Amino acid sequence: MYNALVKPLLFRLDAEKAHHLVFNNLKRAYRLPAAAAALRGLYGLRHPNLEREVFGLRFQNPVGLAAGFDKNAELTTELAALGFGFVEIGTVTPRPQPGNPTPRLFRLPQDGALLNRMGFNNHGAEAAAARLRQRRPEGLIIGGNIGKNKDTPNEQAAQDYVACVEALHEVVDYFVVNVSSPNTPGLRQLQEREPLIQLLQQVQERNQALPKPRPLLLKIAPDLTDSQLDDILLIARETNLSGLVATNTTISRDGLTTPAAQVAGLGAGGLSGKPLRQRATEVIRYLSQHSRGQLPIIGVGGIHSAADAREKLEAGASLLQLYTGFIYEGPALVRQINSALVKL
């Protein structure tokens with residue numbers, strides 16, 4: 001039904017308007033009598049073979065929703081009913097910010113891709129924390145993807161990440177430090193070895209001082225070289241990271257079917273979806289092999305089918321995340337992947 005009826009209607013709308021329409025209608029539908037049970041019946045799947053224990057947390061299944069969809073922790077209960085084993089909120093910043101000017105989200109249907117330059121638009125860490133205190137589904141693992149405000153200089157970035165940890169640590173199960181988005185000016189400079197070590201050391205120091213420290217992960221770009229990936233693995237050991245999220249969106253435009261002039265006309269931003277699948281898998285495989293499988297990896301990038309999911313797991317991912325595939329294939333994708341994984 002999604003591909004035949006819903007998707008054609010949504011794809012006639014501006015991409016961000018369609019996102020808000022789906023978001024709001026899912027909220028409304030969930031309020032109807034028996035809606036939660038109906039959604040769980042359609043899309044949920046519980047089976048012992050799906051359960052995973054990763055960085056000390058027990059996941060009902062390995063299929064999660066990547067950061068960017070539910071930035072403000074407004075839809076976690078509804079998303080749990082759609083079968084996700086975990087949901088990563090954010091990217092959250094200490095202070096609310098509107099993000100970049102619209103339009104800032106675009107579809108490339110010929111490539112099964114999205115291009116976005118959202119710019120960490122969110123209501124702020126305290127607002128997200130307040131929502132999770134009021135409404136959090138039982139059994140759903142929730143991650144907090146954290147970033148810095150646009151107007152915070154890189155030299156003071158650690159203060160923003162620490163502030164997010166302090167605001168969210170009681171209501172999320174793990175943290176992801178996001179320094180790899182291409183949509184905040186200068187942010188990716190924090191991926192360089194020395195700035196990254198300093199940043200992670202400060203965030204980890206505060207995290208470990210909390211009554212219940214959370215697993216701390218780092219989200220990396222797919223555009224890093226092998227030598228940079230080697231640095232990431234060394235930094236992960238040095239700062240005692242619990243895992244990596246591989247990968248964020250790419251700034252590359254190579255191999256697209258969409259005409260180059262059309263893509264150029266859309267402007268800057270990070271590309272996600274099918275064009276990212278191969279590179280994301282390569283990064284996962286490299287990290288897994290060079291860490292000898294000792295560092296858990298959340299694999300994300302171009303997962304549009306159960307076969308894509310298996311590819312990421314075979315490359316060394318412990319868990320998976322969807323975003324663009326969820327937009328293009330619909331909520332049935334979660335159950336399709338979990339159904340296939342039950343049989344492995």
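Start with the charged pairs: the count comes to 14 salt bridges, each one a side-chain nitrogen of Lys or Arg within 4 Å of a carboxyl oxygen of Asp or Glu. The model is predicted, so local features need pLDDT of at least 70 and side-chain atom pairs count only at pLDDT 80 or more, while totals for chains, interfaces and linings use all residues. Residues are numbered from 1 along each chain as its sequence is written, and side-chain values use heavy atoms, with hydrogens and water left out.

**Stop 1: Arg104 and Glu16**

Select Arg104 and Glu16. They form a salt bridge, with the closest N and O atoms 2.9 Å apart. This pair links distant parts of the chain, 88 residues apart. Arg104 sits in the loop between strand E4 (86-92) and strand E5 (105-108). Glu16 belongs to helix H2 (residues 15-30). Helices (H or I, at least four residues) and strands (E, at least two) are DSSP runs, numbered from the N terminus. Both Arg104 and Glu16 are buried. Buried means under 20% relative accessible area, exposed over 50%, and partly exposed in between (1.4 Å probe, protein chains only).

**Stop 2: Asp223 and Arg188**

Next, select Asp223 and Arg188. Their side chains meet in a salt bridge at 2.8 Å, N to O. Asp223 is in the loop between strand E9 (216-220) and helix H8 (226-238), and Arg188 is in the loop between strand E8 (174-178) and helix H7 (193-209), so the pair ties together parts 35 residues apart in sequence. Check the cover on each partner. Asp223 is partly exposed, at a relative accessible area of 29%. Arg188 is buried, at 18%.

**Stop 3**

Move to Arg193 and Glu194. Here the closest N and O atoms of the salt bridge are 3.8 Å apart. Arg193 is partly exposed, with a relative accessible area of 31%. Glu194 is partly exposed as well, with 45%. Then select Glu51, Glu53 and Arg58. Salt bridges that share partners join these three residues into one network.

**Stop 4: two cis peptide bonds**

Turn to the backbone. Display the peptide bond from Gly90 to Thr91: it is cis, with omega near 10°. Thr91 lies in strand E4. Now go to Ala246 and Thr247. The peptide bond between them is also cis, and its omega is near 15°. Thr247 is found in the loop between strand E10 (243-246) and helix H9 (260-266).

**Stop 5: positive phi at two alanines**

Select Ala34. Its phi is positive, about 70°, although Ala34 is not a glycine. Ala34 is placed in the loop between H2 and helix H3 (35-43). Is Ala34 buried or exposed? Ala34 is exposed, with a relative accessible area of 61%.

Now select Ala73. Phi of Ala73 is near 60°, a positive value in a residue other than glycine. Ala73 lies in the loop between strand E3 (63-65) and helix H4 (76-81). Ala73 is buried, with a relative accessible area of 4%.

**Stop 6: His169**

Select His169, in the loop between helix H6 (157-168) and E8. His169 is buried, with a relative accessible area of 13%. Which residues does His169 touch, not counting those up to four places away in sequence? They are Phe175, Leu210 and Arg214. A contact here means heavy atoms within 4.5 Å.

**Last stop: the whole chain**

Zoom out. The secondary structure comes to 13 helices and 13 strands. The radius of gyration is 19 Å, close to the 20 Å that the globule rule gives for 344 residues, so the chain is as compact as a globular protein of that length. That radius is taken over C-alpha atoms, and the rule is 2.2 Å times the number of residues to the power 0.38. Along its principal axes the C-alpha trace spans about 50 × 50 × 40 Å.

Colour by burial: buried residues make up 58% of the 344 residues. Among contacts with a separation of 6 or more, 73% come from residues 24 or more positions apart. Show the surface next. The chain exposes about 14,500 Å², and carbon and sulfur atoms supply 51% of it. The areas come from the Shrake-Rupley method with a 1.4 Å probe; for residues, only the protein chains shown count as cover.

Finish with charge. The chain has 38 positive and 31 negative side chains, and the centres of the two sets lie 7 Å apart. Lys and Arg count as positive and Asp and Glu as negative; His and the chain ends are not counted. Each charge is placed at NZ of Lys, CZ of Arg, CG of Asp or CD of Glu.
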